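Good morning, everyone, and thank you for making the time.

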Amino acid sequence: MPTAIYPGSFDPITNGHRDIIERAVEVFEHVIVAVLQNTTKSGIFTTPERVELIRQVVGSNPKVSVESFSGLTADFARQKGVRFLIRGLRAVSDFDAELRIALMNRKLNPDLDTVFLMTRAENLFLSSSTVKEIAMLGGDSSGLVPPVVADRLKERFKPAAAG
Ligand code: ADP
């Protein structure tokens, strides 16, 4: 069983991402969770903070490693000698965007294939941007993200939450 890369922004990692990682390691020997250093989108957490949060969430699982990268995912996969990407699918709207990304990645790197895992029903409406919005408005994100992430969000938005 080969290695796969699970790329994304993970700002922050949610229960949906965690579920995809847990299921991906049942299919692949090793999973590299790869945090894209996005130069255009500004996020809640810096890239090193996102990497650290993911590391805390996956714990000491030897089948998972966490890295960050910049530039094209297709190039990162080539550098790593990895032929498979993992992506999660929620709704039909995800499919449209993901199909385009997968086809473009294969055009850029013909050895690269994308493997899709369907979300669990309970994570269907869960996205990092929803979590961000809730946290910024002082809402409780526990139940949507792992406890360590919920704590960090609470800390980050404390002044706003206190009004
Ligand atoms: P993006 O690349 O749009 O920034 P994210 O970093 O949020 O996406 O997510 C990375 C991957 O995880 C994408 O394939 C996305 O579809 C998937 N994903 C995000 N949230 C969920 C969820 N709740 N259930 C399943 N997959 C998810």
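I will go from the overall fold to the core, then to the ligand, and finally to one residue in a loop.

Please keep in mind throughout that what you see is a predicted model. The protein has seven helices and five strands, and if you follow the chain from the N terminus, these elements run β-α-β-α-β-α-β-α-β-α-α-α. The C-alpha trace spans about 50 × 35 × 30 Å along its principal axes. The radius of gyration is 16 Å, which agrees with the value near 15 Å that a compact globule of 163 residues would have. Of those 163 residues, 42% count as buried, and among the contacts between residues at least 6 apart in sequence, 76% join residues at least 24 apart.

Let me turn to the interior. In soluble globular proteins, nonpolar side chains tend to be buried together. Here, the largest nonpolar core has 32 residues, and those with the most contacts inside it are Val31, Val33, Ile54, Ile86 and Leu153. Several elements give two or more residues to this core, including β1, β2, α1 and α6, while the largest share, five residues, comes from α2. There is also a second, separate core of ten residues, which includes Ile5, Ile32, Ala74 and Ala77. Going back to Leu153, its contacts beyond the neighbours within four places in sequence are with Pro12, Ile44, Phe45, Val131, Ala135, Ser141 and Val145.

Now, which residues come nearest to the ligand? Of the 17 residues around the ligand, they are Tyr6, Ser9, Gly88, Thr119 and Asn123. A polar side-chain atom of Thr119 lies 2.9 Å from a nitrogen atom of the ligand, a polar side-chain atom of Arg87 lies 3.1 Å from an oxygen atom, and at Phe10 a polar backbone atom is 3.1 Å from an oxygen atom of the ligand. Taken alone, the ligand exposes 540 Å², and the protein buries 85% of that.

I will finish with Glu29, which sits in the loop between α1 and β2. Not counting residues up to four places away in sequence, Glu29 touches Met1, Pro2 and Lys63. Glu29 and Thr46 are 17 residues apart in sequence, and their C-alpha atoms are 29 Å apart in space.

Terms used:
Residues numbered from 1 in each chain as written. Predicted model: local features only at pLDDT ≥ 70, side-chain atom pairs only at ≥ 80, totals over all residues. Heavy atoms only, no water. Core = buried A, V, L, I, M, F, W, Y, C linked by side-chain atoms within 4.5 Å. Buried < 20%, exposed > 50% of the residue type's maximum accessible area, 1.4 Å probe, protein only. Helix = DSSP H or I, 4+ residues; strand = E, 2+ residues; numbered from the N terminus. Contact = heavy atoms within 4.5 Å. Near = heavy atom within 4 Å. Polar contact = N/O pair within 3.5 Å; in protein donor to acceptor, adjacent residues only side chain to side chain. Areas by Shrake-Rupley, 256 points an atom, 1.4 Å probe, with all protein chains shown as cover. Rg over C-alpha atoms; globule rule 2.2 N^0.38 Å.
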